[in-house]
Amino acid sequence: MLKFKSLGLSILAASVVLQTQALASVPEFVVKDFTDFYFWQVNPEMSNNSLKSDQTQYNQEWLAIKETLKNRIVWRKLPRCDGYTDHENHADDLNYSYFVNDNQETITALIAAVFYARHPELKGRKIRPNETQLIREWNLIKQSVSSYSWC
């Protein structure tokens with residue numbers, strides 16, 4: 001028990017120093033939770049359901065989302081939404097949490113990850129203006145992936 005408490009304090013202390021820097025290793029459960037969150041946004045019919053091995057398309061999308069997120073999750077100070085600023089001597093270590101870094105850039109990368117997981121035949125090429133069905137699908141994915149605001 002003491003080792004875990006000590007490790008937690010070490011991670012917390014490191015995060016205070018680094019603030020928005022990514023930790024050397026984000027816990028796997030955190031990556032999984034973020035992946036599930038975004039996966040369920042684009043596949044609401046799967047909300048809170050476990051994937052089965054025969055659900056190939058869903059598994060490919062989940063893995064593409066995880067791959068996109070794995071180096072974009074950081075430990076940082078929670079934003080203040082009440083208009084007040086923190087005082088130097090009033091810093092509270094509990095005001096830190098995991099966030100997706102570069103949120104809008106990450107959202108765009110998640111949309112692309114899901115789209116190209118659904119269309120591997122495109123091999124990452126851009127959608128052409130005459131491919132209206134693909135444009136519609138991109139936009140539907142874009143509508144389903146929301147950017148989260150803490151305030």
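Start by selecting N48: at 64% relative accessibility, this residue counts as exposed (the cut-offs are under 20% relative accessible area for buried, over 50% for exposed and partly exposed in between, with a 1.4 Å probe and protein chains only). What you have open is a predicted model, where local features need pLDDT of at least 70 and side-chain atom pairs count only at pLDDT 80 or more, while totals for chains, interfaces and linings use all residues. Residues are numbered from 1 along each chain as its sequence is written, and side-chain values use heavy atoms, with hydrogens and water left out.

**Two loop stops**

Stay on N48 for a moment. You'll find N48 in the loop between α2 and α3, and its phi is positive, about 60°, although N48 is not a glycine. Now select D102, in the loop between β2 and α4. D102 is no glycine either, yet has a positive phi of about 50°. With a relative accessible area of 45%, D102 is partly exposed.

**Zoom out**

Switch to cartoon view. The chain has 5 helices and 2 strands, laid out along the sequence as α-α-α-β-β-α-α (helices are DSSP runs of H or I with at least four residues, strands are runs of E with at least two, and both are numbered from the N terminus). Of the 151 residues in the chain, 30% are buried. Residues 24 or more positions apart account for 62% of the contacts with a separation of 6 or more, a contact being heavy atoms within 4.5 Å.

**Into the core**

Next, select F34, Y38, I65, L69 and I73. These have the most contacts inside the largest nonpolar core, which has 25 residues (such a core is a set of buried Ala, Val, Leu, Ile, Met, Phe, Trp, Tyr and Cys residues joined through side-chain atoms within 4.5 Å). Two or more core residues come from each of α2 (28-42), α3 (56-69), β1 (73-77), β2 (96-100), α4 and α5. Which element gives the most? That's α2, with 6 residues.

Centre on Y38 and show its neighbours. Leaving out residues up to four places away in sequence, Y38 touches I65, L69, V100, N103, I107, L110, V145 and S146.

**Rings**

Now show the aromatic side chains. The whole structure holds 6 aromatic pairs (ring centres of Phe, Tyr and Trp, using the six-membered ring of Trp, lie within 6.5 Å; planes under 30 degrees apart are stacked, over 60 edge-to-face and the rest tilted). Take F115 and W138: their ring centres are 5.4 Å apart and their planes at 65°, so this pair is edge-to-face. F115 lies in α4 (residues 103-118) and W138 in α5 (residues 132-144), so the pair ties together parts 23 residues apart in sequence. F115 is buried at 0% relative accessible area, whereas W138 is partly exposed at 21%.

The rings of Y116 and W138 have centres 6.5 Å apart and planes at 65°, so they are edge-to-face. Ring pairs link F115, Y116 and W138 into a cluster.

Last stop: R76 lies over the face of F99, at 4.0 Å from the ring centre (the criterion is NZ of Lys or CZ of Arg within 6 Å of the ring centre and within 35 degrees of the ring normal).
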